[in-house]
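Subject: Structure handover

Hello,

Here is the structure I said I would pass on. My notes follow below it.

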Amino acid sequence: MSESQEVDSPEGRPAADMYPKKILEYMEGFLISKAVFSSCELGVFDVLLGADRPLSAEELSEAVGASLDGTQRLLAVCTGLKLLHTQQDGGRVLYSNTEQARVYLTRSSPLSLYQSIQYSSRTIYLCWHYLTDAIREGRNQYERAFGVQSKDLFEALYSSDEEIMKFMQLMNSIWNICGKDVVTAFDLSPFKVICDLGGCSGALAKQCTSAYPECTVTIFDLPKVVHMSRAQFFTKADQRINFHDGDFFKDPLPVANLYILARILHDWTDQRCIELLTRVYKACKTGGAVLLVEALLYENGSGPLTVQLYSLNMLVQTEGRERTPAQYSALLEAAGFFNIQHRFTGKTYDAILGYKQE
């Protein structure tokens, strides 16, 4: 090809006339994330909810303790993102929450993503600063991001009570939104005694007892997680849920008909996954089962893009990866489980069920 020859785009236009719209959107995607993070951190959506009427930029800037100029620019972005409505009132612009913002971005909402957003902003975002290092080295970046040195993954993830609470609140917000779909993807009513390994805040356990009134659930997690879960996330009304503390790689597991591992295996290498699943298989009652809850990749590797990004995040944060249904099935079969089925829920997290032979 001569140097003067034009390169045509797929649409038949000369390359010189092309505009890299998608690439520019990708380059600037983090600006959107940080604008949403900052809006939540400042409490913009909470102030609007509490006011129960549209507010001006002046009122909002005073309420959140920010400059008027900065607040005006942030509100303009939130309006462009369709998180805020605007209306004119005597030459003033007034702002109010959209329904999505009210339901998912205010702290008091039962379906709030506020804590998940905080975790993304203060933990995941900082780790992703070292994404290039993670790809070069093939390992997580907690030491670079937070100065935490540990051979045990969760000693790093749970380096302080504050980090534990942030992670627990993240899990709580996820299962408040996605939990019902994953525990009802299969009919789990035959399983009366359930053990939620790594059950964290207990939000998924609550979804189980709500969907299956005859079951009881034991949350198995590290002692400090169990202590905080009991203190912060449970009341006397949750009588069909109890706790058992321990390390699921080392300590005896409670006997159950069904074990739930939700967002557990994606943290670990294949070898560690098989090790854990083998322990589950041995503890499981005959005819029982294991339910994996994970974000599933398509078998041909073409997506979903969100899960591909999650898998990159597993490199940055953990020892694991996201997997396809076939890859999870292979792990389950290696531990002894059979009759393995999977269901895509249409939301972020999917379900895989494997049985122990009678």
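Which backbone oxygen lies 3.3 Å from a polar atom of the side chain of H266? The backbone oxygen of R263 does. Please keep in mind that this is a predicted model.

The loop around H266

H266 sits in the loop between β7 (256-262) and α14 (270-283). With a relative accessible area of 3%, H266 counts as buried, because the cut-off for that class is under 20%. Leaving out residues up to four places away in sequence, H266 touches E294, M314, T318, G320, R321, E322, R323 and Y328.

Other backbone points

Most residues other than glycine have a negative phi, and most peptide bonds are trans. D52 is not a glycine either, and has a positive phi of about 60°. D52 belongs to the loop between α3 (44-51) and β1 (55-56). The side of the cut-off is clear here: D52 is exposed because its relative accessible area of 70% is over 50%.

The peptide bond from G303 to P304 is cis, with omega near -5°. P304 is part of the loop between β8 (284-294) and α15 (305-317).

S173

Helix α11 (residues 161-183) contains S173. S173 is buried, with a relative accessible area of 4%. A polar atom of the S173 side chain lies 2.8 Å from the backbone oxygen of L170. Setting aside neighbours within four places in sequence, the contacts of S173 are S112, L113 and S116.

Nonpolar surface patch

F30, L31, Y125 and L126 make a nonpolar surface patch of about 360 Å². At least two residues of the patch come from each of α2 (29-42) and α7 (114-128). Y125 lies in helix α7 and is partly exposed, with a relative accessible area of 30%.

Regards

How values were computed:
Residues are numbered from 1 along each chain as its sequence is written. This is a predicted model: local features need pLDDT of at least 70, side-chain atom pairs count only at pLDDT 80 or more; totals for chains, interfaces and linings use all residues. Side-chain values use heavy atoms; hydrogens and water are left out. Helices (H or I, at least four residues) and strands (E, at least two) are DSSP runs, numbered from the N terminus. Buried means under 20% relative accessible area, exposed over 50%, partly exposed in between (1.4 Å probe, protein chains only). A polar contact is a pair of N or O atoms within 3.5 Å; within protein, one must be able to donate a hydrogen and the other to accept it, and residues adjacent in sequence count only if both atoms are side-chain atoms. Contact means heavy atoms within 4.5 Å. Patches are made of residues with over 30% relative accessible area and no salt bridge: like charges are joined within 9 Å, nonpolar side chains (Val, Leu, Ile, Met, Phe, Trp, Tyr) within 5 Å. Accessible areas come from the Shrake-Rupley method with a 1.4 Å probe; for residues, only the protein chains shown count as cover. A salt bridge is a side-chain nitrogen of Lys or Arg within 4 Å of a carboxyl oxygen of Asp or Glu.
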